[in-house]
Amino acid sequence: MKRGLVTFLTAIATVLSLALAQTGQELVIVRPSDPVSLDAQQETTAPGAWVFGNVIEPLITLNADMEVEGRLAESWEFVDDTTLRFYLREGVMFHDGTPFNADAVKFTWDRALFSDPPGRWASLAGPIAEVNVVDEYTVDVVAERPYGPLLLTSTMVYTGVVSPTAVEALGEDYARNPVGTGPFKFVEWRTNESITLEANEDYWRGRPQLDRVIFRTVPESGARTLALQSGDADMLLKPNPADLAFFESSSDFDVLAATGLRVFYLGFNLSRSPIDEPLVRQAIAHAVDVPGIVTNLLEDAATVPTSVISPGVLGYADMNLDELYPYDPDGAIALLEEAGFSMNGNGIMERDGEELVLQMLPAAGRYLQDQEIAEVLQEFLRQIGIRVELNVFEWATTFTELREDPLQYDLFSFGWLTTTADADYTMYSNYRSDQFPPGSWNSWRYANDTVDELLAQARAETDVATREALYAEVQAILAQDLPALPIYNTIEVAVVGSDVEGFVPHPIEYNLDLFPVSKGE
């Protein structure tokens, strides 16, 4: 009789367990745009990283306190000036049931760095010469020469280790079916609608408390806000600044924030006339009320930028942009006149019979208030006699257009995140003359021999103080050359329902760690 009761209770427990697995803890996240890909080989923006960063894992990461923390590596050491050795966790399995080991690490890095074409993050990884397997659970990442940022480079979310078996079996389809070792497994991607992940029951840190995570793409900020208010969503990424006061005043929601490492820019394409003229760029800078944008349009949900990199980045220096380019429309007009332009009867600056009309490729639906900012910039420039024509596309198209060579636009808006918190990540790829797209990220097509040399010195230097001094020199030059005008420095904000527990916002926007998250009663 007792045995029968035990059997009956066990059966009931099993049924309840299965029911929980079907209903379970589900976290619904709304965000503005869909990924380009779920393969870090092709996707280096937040919409993709938020997803694949919970599916694949790097060897090491930067936690929310910006401290280096182990993931698939238990420990690490510099063997010499160019070799960083990682000692890997044993017994970890990929979601497809194949073992994680040093061969998988080498496969992941080799695929990005040495394939044709290389992965999008290859140009961000620095001068890596090779990745060598020492034994099954030991691997060396070897630089071509002493490379100061090597450790922080290895924290990038893009370096998450992929399953070689899955990549080889799926081919191009891997981009829509990522396989890693992370806390969540990929289930489904409905383009421009939703992406679903489920808990990895065998995760090496323990099973996540969430059973499922659903990322929903909701381009309109008002619709995202409504989804959270109505209970159709549990987490809101990229909230409308105008809604934050309401969320902060309500006991039903928590507003969580961290000072971010992303700077949003107005970019100048220096390969096109007349943007290649310093006086024209300086005029545009004086025409834009940057503090006004931050205060009035962003409602202080960001900060006024003081450099092309964030103050939280190693190597940051104040570029004194507020002193060099204060809001001064009259001064802007004077600079254009100095460049040979004059205002015609249509209120447009012209030179040699040609009106000053600029084509702009603005980000839309990717960054905080990006399309609204583009429209404000258009109006600021109209006031000094420059007509700006906005070419607005959905984010994946805009991103592809920005990577084209040649770039067919005079102006563009773009946000850049220093993912490693080291200036080399941004400076080398964005401002060296040998780093033009599509191979790298110098979208402004900026070239300065002195900057090239300083950046080469800075990445080869291992002394932190020396590196900081070199980057300060570079930023002083950039302040004068002005390949880009910083518009705002991010504050990374997420709004969650009050029943969501354990989520910690990260200064690095791409790091969305959902492993510790749960939903209370």
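1. Five bridges join E7 (residues 138–143) to E5 (residues 83–88), and the two strands run antiparallel. Strands here are DSSP runs of E, at least two residues; helices are runs of H or I, at least four residues; numbering goes from the N terminus. Two strands count as paired if DSSP finds at least two bridges between them.

2. A word on the source. This is a predicted model, in which local features need pLDDT of at least 70 and side-chain atom pairs count only at pLDDT 80 or more, while totals for chains, interfaces and linings use all residues. Residues are numbered from 1 along each chain as its sequence is written, and side-chain values use heavy atoms, leaving out hydrogens and water.

3. Now the sheet. It is open, has four strands in the order E4-E5-E7-E6, and its pairing is antiparallel. E4 (73–78) and E6 (128–135) are at the edges with a single partner strand each, so one side of each has no neighbour in the sheet. From one strand to the next, the twist averages 20°.

4. Helix H3 (residues 102–114) packs on this sheet and touches E5, E6 and E7. Contact means heavy atoms within 4.5 Å. The direction of H3 makes about 170° with that of E6. Axes are lines fitted to C-alpha atoms, for helices over the stretch in contact; angles run from 0 to 180 degrees between N-to-C directions.

5. Check the cis peptide bonds. One runs from Asp 116 to Pro 117, with omega near 0°. Pro 117 sits in the loop between H3 and E6. Another joins Pro 437 and Pro 438, with omega about 5°. Pro 438 belongs to the loop between helix H14 (423–431) and helix H15 (449–460).

6. The H14–H15 loop also holds Arg 445. Its phi is positive, near 55°, and Arg 445 is not a glycine. At 8% relative accessibility, Arg 445 is buried. Buried means under 20% relative accessible area, exposed over 50%, partly exposed in between (1.4 Å probe, protein chains only).

7. Leu 482 is another non-glycine residue with positive phi, about 55°. It lies in the loop between helix H16 (464–481) and strand E20 (484–497). Leu 482 is buried, at 1% relative accessible area.

8. How many of the 10 residues of helix H8 (residues 278–287) are buried? Seven are, so H8 is largely enclosed by the rest of the structure. Among them are Arg 281 and His 286.
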